[in-house]
Amino acid sequence: MTTDTPRTMGQQFGRRSWAEPWKIKMVEPLNMTTRDQRVRAMAEAGYNTFLLRSEDVYIDLLTDSGTSAMSDRQWAGLLLGDEAYAGSRNFYHLEEVVRRIYGYRHVLPTHQGRGAEHLISRAAIQPGQRVPGNMYFTTTRLHQELAGGHFVDVIIDEAHDPASQHLFKGNIDLGKLEQAIQAVGPAQVAYVSLAATVNMAGGQPVSMANAREVRALCHRHGVRLFLDATRLMENAFFIQEREPGYEGRSIAEIAAEFCGYADGAWMSAKKDSLVNIGGWLAVNDDELYQELCNLVVVYEGLHTYGGMAGRDMEAMAIGIEESAREDHLRSRIGQVRYLGELLLDWGVPIVQPVGGHAIFLDARRFYPQLPQDAFPAQTLAAELYLDSGVRSMERGIASAGRDPKTGDHHRPALELTRLTIPRRVYTQAHMDVVAESVKAVYDRREEARGLRMVFEPKYLRFFQARFEPLCD
Ligand SMILES: *Cc1c(COP(=O)(O)O)cnc(C)c1O
């Protein structure tokens, strides 16, 4: 290990730099705004970056969801849309690709990831059952709860520590999982919910060894294991890079082995799969599939389109193939790391190691003067926008919502502001601009006073909540 950054390493050791494995064919002009315009826009948006108009945003790092640039092949795929109500040829193409790359037998398209989460939660959870998982995700947990389940966090402790350098911070703690199952008995456990990578922990991967051990534990108890495969390709890249025995294996081989440990998976294709909309649910069990077919026609659409246009299924099938390419993943994760290294060089507190899809600023260390109830991460997202028009999002107390029983805030250990990097959209120069803006906000950190929530929606409040600045 050296402390050199990827930027200086190339020069020092005479190595060559990496570059994106694509060139730009079409561009979308960006809007620059003045500070006055941003002050007005932020107030109108209730200090919630989700409520900004994208026209008022310069560099949009709100999310990597549905924000990828499609390839020329994917755009060409749109013209091959077969918009038949039933049995579209694009569905059969998608089905073939999901079966080949993720390895599950039955495939149902859904309009996006949460559509799939809704169906699997309804079909596989009995009211009162527990659903152990490696840290919650907002929509995942909500659908589990709406189906009557109780989420139990069984991720390793290191995941809650933004400074821990553990290489697989997404791993499940086998002791915690065993305890969660023993506490109520296996019959009261709906399934184990395994996400790879773990979004809320900072895009942190799960090791192959952990997936294998979790599988064995589930098998011993007769409990099913389902995978949130949203960023599985990024997870596979980390396994290839970090896990002994996997250096020489291809991303596709690693992904296939990993998926093989789960009984099925749901997918938000808006992430790994390089499309603007889409998702799927895939399982091996015939009976469960039949039940899911009953639900999909009620909530999404016929089982051969599930809420998607034929053309979008075609773009998704092509995007899945592209997402498993090593050169793509190397530059995708390389760009995220580039931004992370710049911030680390300047002493800005971020979650380490840098994960796959985003840089997570540690708002607790950024604003030690702010109590969590003053929404430090929300404050940081607002300040960053005011400084430069860069849009980020909160992943802290606002995102965590309330405990359905007590009605009090969930107060997560992690209070983070996420700079999420869309795939194939921005250049390294954009990353420089972002880093310099974060640095400017960090230099003024003592001036921050925090926010209070003045409007709170019932579900997934972070999307639509409104805030006001607190004064001294
Ligand atoms: C985005 C996401 C989802 C939900 O998918 P949508 O397509 O946004 O509905 C589920 N799990 C994870 C890990 C995600 O990042």
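Of the contacts in the protein between residues at least 6 apart in sequence, 72% link residues at least 24 apart. This description concerns a predicted model, in which the protein contains 17 helices and 14 strands. The radius of gyration is 22 Å, close to the 23 Å that the globule rule gives for 472 residues, so the protein is as compact as a globular protein of that length. Along its principal axes, the C-alpha trace extends over about 60 × 55 × 45 Å.

Of the 472 residues in the protein, 58% are buried. The protein exposes about 19600 Å², and carbon and sulfur atoms account for 51% of that area.

Attention now turns to the ligand. The shell around the ligand comprises 14 residues, of which Gln112, Arg114, Asp228, Ser268 and Lys271 come nearest. By class, the shell divides into 1 nonpolar, 7 polar and 6 charged residues.

An oxygen atom of the ligand lies 2.8 Å from a polar side-chain atom of Gln112. At Gly113, a polar backbone atom is 2.8 Å from an oxygen atom of the ligand. The side chain of Asp228 places an N or O atom 2.7 Å from a nitrogen atom of the ligand. The protein covers 96% of the 380 Å² of accessible area that the ligand has on its own.

The elements that contribute two or more residues to the shell around the ligand are helix H5 (113–124) and helix H6 (138–146). Helix H5 provides the largest share of this shell, with 3 residues.

How values were computed: Residues numbered from 1 in each chain as written. Predicted model: local features only at pLDDT ≥ 70, side-chain atom pairs only at ≥ 80, totals over all residues. Heavy atoms only, no water. Near = heavy atom within 4 Å. Polar contact = N/O pair within 3.5 Å; in protein donor to acceptor, adjacent residues only side chain to side chain. Areas by Shrake-Rupley, 256 points an atom, 1.4 Å probe, with all protein chains shown as cover. Helix = DSSP H or I, 4+ residues; strand = E, 2+ residues; numbered from the N terminus. Nonpolar A, V, L, I, M, F, W, Y, C, P; charged D, E, K, R; others polar. Rg over C-alpha atoms; globule rule 2.2 N^0.38 Å. Buried < 20%, exposed > 50% of the residue type's maximum accessible area, 1.4 Å probe, protein only. Contact = heavy atoms within 4.5 Å.
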